[in-house]
Amino acid sequence: MKILVTGGTGYIGSHTTVELMQKGHEVVIVDALFNSRAEALDAIETITGKRPEFEQFDLTDNTKVDDFFSRHTDIKGVIHFAAHKAVGESVNEPLKYYRNNLVSLINILESMKKYKVGNIVFSSSCTVYGEPDADNLPISEKAPIKKAECPYGNTKQIAEEVLEDSVNAYKTLNVIALRYFNPVGAHESAQLGELPFGVPNNLMPYITQTGYGIRQCLKVFGNDYDTPDGTPIRDYIHVMDLAKAHVAAVERMANGKMKKQFEVFNVGTGKGYSVLEAIHSFEKASGKPLNYEIVGRRAGDIVKIWADPSFTNNELGWKAERSIDEMTKSAWEWEKAYRQGKTKFKVEE
Ligand code: NAD
Ligand code: WQD
């Protein structure tokens, strides 16, 4: 199948492209390179032996999106990763987030309707659940959606509504929204991994950069929460397991296996780990202690959340396979390979 992967040079999109290509699918990537690098294409080629097709443009430009679909009439499905994702930035620049994340989705849906492309997998997030009530943990897809903590999270909630209203109106459209928990880790080749621009906002790249000495000290945001060791709990999921969930989703759609036109799946492991447990797993992987200090809480942080993945396991036929230790190990191998110039990516200061 020929699949359009938007945001395909980004973190999750590039790993998913590898998995799709290794399953025999043809991929065309659209990415504006706002938050990624063209070298991701070289890395994908190194791993798979083939180079995905690539077009660089901004998906908020409706003319370009329409032109793209008019030229690629053989696309059988879309995986839509492209979005801005920085929580803090979204608070300061909400309109940037609403414009980018929603206009790009609407443009794609309009073109899919016009050019009769039926299937789209959408990158949603566990952020739509907010802070779950204790009796809703582990959290299933049936749990209530809570008011978003930030404009970024709200774009995911609104996008799910846009998609649901669209399937109700357009009978040719099928949607699978995957609600990811916390994607971490890297491809086992260490040729591809998470490579944020500037200072990382998220835990795992901050850990690996601190391990390598790029950052002096990891700040742990609070150890006075109501959890066993006082630090918040997340369901970390290996990015290659997440990539496989996308392949399962597009194949489910293409094979006519959907039970409804709009389906939602949690993509997590079902296990929660605290910040300190994630650090200790990394210390095992790297074989040395990590320099960290406990500081005050980060505003807006969820205390504890982990997935009930049973619906996804049973219905999508997908299950996370990799452990937290495999996640931290692969992230560390990638960080080292990248910093030592052993990948296709230019080493940045
Ligand atoms: P990423 O920033 O690495 O990748 C997103 C890619 O989209 C980037 O390469 C960026 O250049 C591109 N992009 C953004 N806006 C675009 C536009 N208008 N036109 C063309 N390209 C555009 O992010 P990621 O971590 O790979 O996340 C992928 C998706 O998964 C996003 O939708 C994100 O919100 C969602 N998600 C991510 C996480 C996470 O923790 N990483 C968790 C849940 C959901
Ligand atoms: C994990 C834990 C931090 C950095 C965010 C978004 C969410 C989702 C994924 C997309 C928390 C702690 C972190 C650091 C720390 N994205 N931490 N020191 O907060 O679960 O989710 O990214 O949809 O929407 O909110 O992920 O990796 O930022 O944090 O102590 O330097 O690590 O407090 O407990 P989070 P994270």
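Biologist: How do the residues of the shell around ligand 2 divide into nonpolar, polar and charged?

Modeller: This is a predicted model, and totals for linings use all residues. The shell around ligand 2 divides into 9 nonpolar, 5 polar and 4 charged residues. In total, 18 residues surround this ligand, and the closest are Ser 125, Tyr 152, Lys 219, Arg 234 and Asp 301.

Biologist: Which strand gives the most to the shell around ligand 2?

Modeller: That is strand S8, residues 218–221, with 4 residues in the shell.

Biologist: Which atoms of the protein lie 2.7 Å from an oxygen or a nitrogen atom of ligand 2?

Modeller: A polar contact is a pair of N or O atoms within 3.5 Å. For an oxygen atom of ligand 2, an N or O atom in the side chain of Ser 125 lies at 2.7 Å. A nitrogen atom of the ligand is 2.7 Å from a polar backbone atom of Lys 219. The side chain of Asn 202 also takes part, with an N or O atom 3.1 Å from an oxygen atom of ligand 2. As for cover, ligand 2 exposes 680 Å² when taken alone, and the protein buries 86% of that.

Biologist: Let us turn to the other ligand. How many residues surround ligand 1, and which are the closest?

Modeller: Ligand 1 is surrounded by 27 residues, of which Asp 31, Asn 35, Ser 36, Asn 100 and Tyr 152 are the closest. By class, 14 are nonpolar, 9 polar and 4 charged. At least two shell residues come from each of helix H1 (11–22), strand S5 (119–125) and helix H6 (151–169). The largest share, 3 residues, is that of S5.

Biologist: Why is helix H7 described as largely enclosed by the rest of the structure?

Modeller: A residue is buried when its relative accessible area is under 20%. Helix H7 (residues 203–212) is largely enclosed because 9 of its 10 residues are buried. Among them are Leu 203, Tyr 206 and Gly 211. The buried residues of H7 pack against strand S7 (182–184), S8, strand S10 (236–238), helix H9 (275–286) and H11. After H7 comes Gly 213, with a positive phi near 95°.

Biologist: Where does Thr 343 lie, and which residues does it touch?

Modeller: Thr 343 is found in the segment after helix H11 (324–339). Its relative accessibility is 12%, so Thr 343 counts as buried. Leaving aside residues up to four places away in sequence, Thr 343 touches Ala 190, Gln 191, Trp 334, Ala 337 and Tyr 338. A polar atom of the Thr 343 side chain lies 3.1 Å from the backbone nitrogen of Phe 345.

Biologist: Finally, how many disulfides does the structure hold?

Modeller: A disulfide is a covalent bond between the sulfur atoms of two cysteines. The structure holds 0 disulfides. For Cys 150, the nearest cysteine sulfur belongs to Cys 126 and is 11 Å away, whereas the cut-off for a disulfide is 2.5 Å. Cys 150 counts as buried at 9% relative accessibility, and Cys 217 is buried at 17%.

Terms used. Residues are numbered from 1 along each chain as its sequence is written. Chains are lettered from A and ligands numbered from 1 in the order in which they are written. This is a predicted model: local features need pLDDT of at least 70, side-chain atom pairs count only at pLDDT 80 or more; totals for chains, interfaces and linings use all residues. Side-chain values use heavy atoms; hydrogens and water are left out. Buried means under 20% relative accessible area, exposed over 50%, partly exposed in between (1.4 Å probe, protein chains only). A residue is near a molecule or strand if one of its heavy atoms lies within 4 Å of it. Ala, Val, Leu, Ile, Met, Phe, Trp, Tyr, Cys and Pro count as nonpolar, Asp, Glu, Lys and Arg as charged, and the others, Gly among them, as polar. A polar contact is a pair of N or O atoms within 3.5 Å; within protein, one must be able to donate a hydrogen and the other to accept it, and residues adjacent in sequence count only if both atoms are side-chain atoms. Contact means heavy atoms within 4.5 Å. Accessible areas come from the Shrake-Rupley method with a 1.4 Å probe; for residues, only the protein chains shown count as cover.
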